[in-house]
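Trainee: I would like to learn how to read a model like this one. Where do we begin?

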Amino acid sequence: MGIKVDVDTLDGYRHGVPVLLEILEDRGVKASFFLALGPDNSGRAIWRVFRQQGFLQKMLRTRAPAIYGLKTMCYGTVLPAPLIGAAAPEIAPRIAAAGHEVGLHGYDHVRWHDHLLGMSAGEVAREVGRAQELFAALLGRGARSFAAPGWQCSQLSRAVLATQGFLYASDTRGVSPYWPCFGGSVSRVLEIPTTLPTLDELLGFNGCRAQDFSELILARLESGRPQVLTIHAEVEGGPYRQEFARLLERCRQKGVDFFRLEDWARELLQDQAAVPAARVNLQRLPGRAGRVSCQGTPEAKPL
Ligand SMILES: [Zn+2]
């Protein structure tokens, strides 16, 4: 199983990441971290309440105010948006030094999540380019992997990733790695989708409690196929740290192997023809507000 850690906020970056590093270190697990490095505009996400079906229910069900804290929920509105990477420059090198993969989760997480589909090619390129500049300032090299904020990707965003030389991306939800198709065009950037439901999607859904999380995930691992679990620094590195630690314990008892997504991508890229192509669709997922990019029907791969 690959553990994909999305870091969306300054609080998650500064306080959630060190908690996760300790939990992972104690169990000898290497993970893949994806950092949003630009302004933390989390407060603006509150405005989604007025625009997006399901957001308010989700906020209440997952106890979002407890997870994010009042300060984070005001960033970008009544409080100025702090720059995440610059506010705690020591964190990114610590992640890399511990042997984890470090990739990008965008520049302005809220802007990408809410507005990607309305952005011009120049605007998307600017979002990725700015994130890369901040990443290089922290780690002395560009990021090789990208995970789209809010699982929002488009033909345009994938074209930008291709021109900026990314090895692979993890932008979507799906079942296994693929080449994403948009209409007639195929992205040249390999996609490794998140295959498992997230803790916040499971919580409160069909009577699922936080303590059921490990068993639900373990049941999904029984297929024997490699799986990718997305966790959030603000959630599993915050109020749900014990549930995450318990999941890793249970995985260890069951002999589950962990891999970094970058290592899997390099393996897959050695035999590119063996990776199928599939359409990308915007879909609703149980327990998640709004629609996200999902792996759709397989497509015949063009030569
Ligand atoms: Zn995110």
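Mentor: Start with one residue. At 9% relative accessibility, tyrosine 75 counts as buried, because the cut-off for buried is under 20%. Keep in mind that this is a predicted model.

Trainee: Where does tyrosine 75 sit in the chain?

Mentor: Tyrosine 75 lies in the loop between helix H4 (64-72) and helix H5 (84-87).

Trainee: Which residues is tyrosine 75 in contact with, leaving aside its neighbours within four places in sequence?

Mentor: Leu10, Asp40, Asn41, Ser42, Gly43, Arg44, Pro80 and Pro82 are the contacts of tyrosine 75, once neighbours within four places are set aside. Sequence separation can also be set beside distance. Tyrosine 75 and alanine 121 are 46 residues apart along the chain, and their C-alpha atoms are separated by 27 Å.

Trainee: Is proline 276 buried or partly exposed?

Mentor: Proline 276 counts as partly exposed, because its relative accessibility is 41%. This proline is in the loop between helix H13 (261-269) and strand S10 (277-284). Beyond four places in sequence, proline 276 is in contact with Pro177, Tyr178 and Trp179. Its C-alpha atom is separated by 30 Å from that of serine 214, 62 residues away along the chain.

Trainee: Now the whole chain. How do its dimensions read?

Mentor: Compare the radius of gyration with the globule rule. For 303 residues, a compact globule would have a value near 19 Å; the chain has 18 Å, which agrees. Its C-alpha trace spans about 50 × 45 × 40 Å along the principal axes. The secondary structure has 13 helices and eleven strands.

Trainee: What share of the residues counts as buried?

Mentor: The figure is 55% of the 303 residues. The accessible surface comes to about 13000 Å², and carbon and sulfur atoms hold 53% of that. Of the contacts with a separation of 6 or more, 74% join residues 24 or more positions apart.

Trainee: How should I read a nonpolar core?

Mentor: In soluble globular proteins, nonpolar side chains tend to be buried together. Here, the largest nonpolar core has 63 residues. Ile3, Tyr13, Phe33, Leu35 and Leu229 have the most contacts inside that core. Helix H1 (residues 10-26) gives the largest share, eight residues. A second, separate core has 15 residues, including Tyr168, Leu190, Ala265 and Leu268.

Trainee: Which contacts does leucine 35 make, leaving aside its neighbours within four places in sequence?

Mentor: Leucine 35 is in contact with Val7, Tyr13, Ala92, Ile95, Val102, Gly103, Leu104, His105 and Gly106, with those neighbours left aside.

Trainee: And a helix? Which residues of helix H9 are buried?

Mentor: In helix H9 (residues 155-163), they are Ser157, Arg158, Val160, Leu161 and Ala162. These buried residues pack against several elements, among them helix H7 (109-115), helix H8 (121-139) and strand S6 (179-182).

Trainee: Where is tryptophan 151?

Mentor: Tryptophan 151 is in the loop between S4 and H9. This tryptophan counts as buried, because its relative accessibility is 3%.

Trainee: Last, how far apart are the mean positions of the positive and negative charges?

Mentor: They are 3 Å apart, for 35 positive and 31 negative charges.

Methods:
Residues are numbered from 1 along each chain as its sequence is written. This is a predicted model: local features need pLDDT of at least 70, side-chain atom pairs count only at pLDDT 80 or more; totals for chains, interfaces and linings use all residues. Side-chain values use heavy atoms; hydrogens and water are left out. Helices (H or I, at least four residues) and strands (E, at least two) are DSSP runs, numbered from the N terminus. The radius of gyration is taken over C-alpha atoms; the globule rule is 2.2 Å times the number of residues to the power 0.38. Buried means under 20% relative accessible area, exposed over 50%, partly exposed in between (1.4 Å probe, protein chains only). Contact means heavy atoms within 4.5 Å. Accessible areas come from the Shrake-Rupley method with a 1.4 Å probe; for residues, only the protein chains shown count as cover. Lys and Arg count as positive and Asp and Glu as negative; His and the chain ends are not counted. The place of a charge is taken as NZ of Lys, CZ of Arg, CG of Asp or CD of Glu. A nonpolar core is a set of buried Ala, Val, Leu, Ile, Met, Phe, Trp, Tyr and Cys residues joined through side-chain atoms within 4.5 Å.
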